[in-house]
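Subject: Structure handover

Hello,

Here is the structure to look through alongside its sequence.

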Amino acid sequence: MSIFDKCASYALAREVQALGVYPYFWPIEESTATEARIGGEWKVMVGSNNYLGLTHHPKVQAAARAAMHKYGSGSTGSRFLNGTLDLHYQLEDRLARFFRKEAALVFTTGYQASIGAIAALVARDDHVFLDKLDHASLVDGARLGYGTVHRYAHGDFEGLARRLASVPAGAGRLVVSDGVFSMEGSIVDLPRLVAVVKEHGAALLLDEAHALGVLADDGAGTARYFGLDDQVDLILATFSKSLASVGGVVAGAESVIHYLRHHSRALIFTASMPPASVGGVLAALDVLEAEPERRERLWANTQRVADGLRAMGLDIGGTQTPVIPVIIGETLRSLQFWRALFDEGVFTHPIVPPAVPLNSSRIRVSMSAEHTDEQVERVLTAFERVTRTMLVT
Ligand SMILES: Cc1ncc(COP(=O)(O)O)c(C=O)c1O
């Protein structure tokens, strides 16, 4: 038997391609903050996490260009060795203050921040506890650590409490949760989660990927939204969504960040965040702070689309954020629904098992502050047309 047998017999993606409903790897030929040209046609982009619409902001682009000019196109080395720029430290200081933590550590991607932090912290004899709907990067970080991994049913804090109580007294315990769940658009019940974590003397890591720039008056995310910053030990966030770049950060106590600097393999054994990205993120933070009206616009767009979809009788689950799932159910039907929207000029994402449970396949829409009224209208009109032809019998 060859190691490659599984590749030769892997048929599913090709079958979906043959049906003309394959939704992945479409090349974008040109883009604005809210539209993408694909196959020569401009589509309204509601499949990106460009919540504040900063990817094409002149200040962000200028800062990225300036950093590239000053430091070059790449860092060509690890943070540990030649890959640390003064800009990385500037960004870390800035983010530590933003998240009200003693220190912060910047990684090359959000995914690496997840695996880098969790795997380094959860050592043999430690225990890590994850919500079943936590992002894959958190799960992978837990798997890479040498400790024991526990998964609790989504939002089941009693189940979490039972598991926390079942591990040997004195064992290290880390609870890991998304702040905003990326497939549901729902916000974690942080007060209840914190209560359980504290009662059992555990530590809490909160992934603010979809909350940064979105939740709280200043956009700091879920912990700030609930006024519980000081109860969350570690904040994890990515720069690939509201901050319009690529990279990730972990913020927390100085001693923890110092430890991660010297033990996190996903930090040490990879090249650092490139200069243009660091420069762009610093400028994106300036804009996030200087233009709070972007958040207002984001929420107004979110409300309009959520209301419009609900009015069509569509099931948008329990979303509370600009991530809006439209639950279709059966996988092939969801892919067909996605394709029909695509042909109507709207770029969404189909989310199918194993990312979501069987028969809960969905179309995911993510809103941006930069979507115009006319684009919002185009999205709703497309959903209306497709719903009428596909779902109403
Ligand atoms: C909740 C969550 N955490 C972490 C990540 C990883 O971030 P990045 O894409 O910046 O590597 C993502 C990105 O999809 C995410 O949605």
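The count of aromatic pairs comes to 8, where rings of Phe, Tyr and Trp (its six-membered ring) pair if their centres lie within 6.5 Å, and planes under 30 degrees apart count as stacked, over 60 as edge-to-face and the rest as tilted. Y225 and F226 form an edge-to-face pair, 4.9 Å centre to centre with 85° between the planes. Y225 is partly exposed at 44% relative accessible area, and F226 is partly exposed at 29% (buried is under 20%, exposed over 50%, partly exposed in between; 1.4 Å probe, protein chains only).

This is a predicted model, in which local features need pLDDT of at least 70 and side-chain atom pairs pLDDT 80 or more, while totals for chains, interfaces and linings use all residues. Residues are numbered from 1 along each chain as its sequence is written, and side-chain values use heavy atoms, without hydrogens and water.

Ring pairs also join W26, W338, F342 and F347 in a cluster. K43 lies over the face of F342, 4.2 Å from the ring centre (NZ of Lys or CZ of Arg within 6 Å of the centre and within 35 degrees of the ring normal). R79 lies over the face of Y89 at 5.9 Å.

Regards
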